[in-house]
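Hello,

Here is the structure I said I would pass on. Please open it first, then read my notes below.

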Amino acid sequence: MKNFEHFNARSIDEAATLLVRYGGNAAFIAGGTDLLGKMKDRILPAYPEALINIKTIPGLDAIEETDDGLSIGALATLAQIATHPVIREKYTALAQAAGRTASPQLRNMGTIAGNLCQDIRCWYYRATQNRFSCLRKGGGRCYALKGDNRYHSIFGGSVKGGCIAVHPSDTAPALIALDGTVITSKRTVKASDFFKVSVNRTTVLEPDEIVTTIHLPAPAPGTQSAFMKFALRQSIDFPIVNCAAAITCEREAVTRARICLNAVSVVPRRTVAAEQSMVGSNIDENTADAAGAAAVANAEPLEGNAYMVPIARTLVKRTILVCGPSPAEVDPV
Amino acid sequence: METKDFICPHCAKGFKSPEEMKAHMLADHRGGALPSPEGRIRLTINGKAHAPDVKPNWTLYHLVHDHLGLTGAKQFCDRGACGSCTVIMDGKPVLSCMILAIECDGKTVETVEGIAAAGHPLINAYVKHHAMQCGYCTPGFVTTSKALLDDNPRPTANEVKIALSGNLCRCGTYPQHTIAVLEVSQKLTAS
């Protein structure tokens, strides 16, 4: 890696001030597992002049149950979340999602906020030495559109209608299904509004804005949540498709459902049609299958990724079934 | 942001006059040691205290392997995707290629050399069950296994597989690792 300046921030203000001082040519580092890979490969036109370590800001890694739910510090590691007894019991989808992210070692390093704010994995964008100046880097075209797009969006593009890189996070759909909120140094944003694509950006965060806390509301009585991931390998792999659902039932009938797919679109995709199709019915093979069909009804696969559509459909179905009364019948993905 | 000529050496906040900066330093950083410009860190590696001067762009792997001569941890992918460079930091297995050395101040690190020097039975079990072919990934596996047994002295076969799922072996020795780790687990918990 080319050298850079390094600062250990002691407060959020200090970190933001440092970033502004470098005129945007600096980056925050927490777990570093995404950022250092980008820097080693020199994938972006600009190389940061300084890294600002935010791991040294005290009090940002706590996981606490509050009166109205659960608050997770931005620096809580994925391993902490995957093994936390309260999260496993009440916010199951998030514990499962964190536990299926990357590998055990990376889960000891990577943070929840880093997982939400991670950059895309499109192989043209990630090609070493900034080989493809694509739309996402402010360039003129999307190379995946006519190139190899087997791991790209089945729900259209962004950035001038072009960039079809998917959002690769495993925890993002879980947070959206659990109706979480992201609290930053400047504001509070619903997890479902947190992701927004523009040049060099995957979230609504401003350059000097830092995620401080993730808040999850206490689940209503009768709520079950689950996360499922389809990937080529069981470990050290990004999802081909993943899905999280949180479903509330009253006397077996669904009263509220939140279902979110990810890795299928440029941002995590809440599947409102699937949710609506579940409300009022019981959870069984037929209703879950219908919800799966509704979730992919608007899919527009590209030349190389039509195979993702049935995977997304099946994953929605299985995730719903896991939230139902007889989850043992579902094959694990 | 307006130009400010006086930069706090602690936090790089800018000030218009030296008086303002002095007031800020007294208020916010009183008694705090100045950050070392060279990146001097203090850490414990295999029970021994070290205080190396590190550059910001050194990874922990660079420090341990290239500068301290502990060549057990191996660099393979250098992108956090193979587990060959695993070391134990504060009790947890982590990838030394994706951690900046300068951020390891105050940490306790254990490498495969420390595990071998302590006479841990994993080493002999790996030899006995030949849990290697070319051997390049082996230090990473041994380190990850040691962290597992410290955390969970009686893992099930499945727990061993999950714990080792971040380590890749090109030679396909995976079944032998579970056998070796479970045998050591029995040995350690029987006594």
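In strand 4 of chain B, His50(B) is the bridge partner of Leu43(B).

Leu43(B) belongs to strand 3 of chain B, which covers residues 43-45. Strand 3 and strand 4 of chain B pair over three bridges, in the antiparallel sense. Both strands sit in an open sheet of chain B. That sheet has five strands, in the order 4-3-7-5-6, and its pairing is mixed. Which strands form its edges? They are strand 4 (48-50) and strand 6 (92-95) of chain B, and each pairs on one side only. From one strand to the next, the twist averages 35°.

A helix covers part of this sheet. Helix 5 of chain B, residues 138-151, lies across strand 5 (86-89) and strand 6 of chain B. Helix 5 runs at about 30° to strand 5 of chain B.

Next, the contact between the chains. How many residues does each chain bring to it? Chain B gives 27 residues and chain A gives 30. On the side of chain B that touches chain A, strand 6 of chain B supplies the largest share, four residues. So strand 6 of chain B has two entries in these notes: it is an edge strand of the sheet, and it leads the chain B side of the contact. By type, that side of chain B divides into 13 nonpolar, eight polar and six charged residues.

Now chain A. Look at strand 6 of chain A, residues 181-184. Its side chains alternate. Val182(A) and Thr184(A) point to one face and are buried.

Strand 6 of chain A has two pairings to look at. One is with strand 7 of chain A (residues 188-190): the two run antiparallel and three bridges join them. A hairpin of three residues connects these two strands. The other is with strand 10 of chain A (residues 211-217), again antiparallel, over four bridges. Ile183(A) takes part in each: it stands opposite Thr188(A) in strand 7 of chain A, and opposite Thr213(A) in strand 10 of chain A.

Last, confidence. Chain B has a mean pLDDT of 92, and 94% of its residues reach 70 or more. The model scores ipTM 0.94 and pTM 0.92. Where pLDDT is low, the predicted coordinates should not be read in detail.

Best wishes

Methods: Residues are numbered from 1 along each chain as its sequence is written. Chains are lettered from A and ligands numbered from 1 in the order in which they are written. This is a predicted model: local features need pLDDT of at least 70, side-chain atom pairs count only at pLDDT 80 or more; totals for chains, interfaces and linings use all residues. Two strands pair if DSSP finds at least two bridges between them. Axes are lines fitted to C-alpha atoms, for helices over the stretch in contact, and angles run from 0 to 180 degrees between N-to-C directions. Two residues are in contact if their C-beta atoms, placed from the backbone, lie within 7 Å. Ala, Val, Leu, Ile, Met, Phe, Trp, Tyr, Cys and Pro count as nonpolar, Asp, Glu, Lys and Arg as charged, and the others, Gly among them, as polar. pLDDT is the predictor's confidence in each residue, from 0 to 100. A residue is buried if 20 or more other C-beta atoms lie within 10 Å of its own, exposed if 12 or fewer, and partly exposed in between; C-beta atoms are placed from the backbone.
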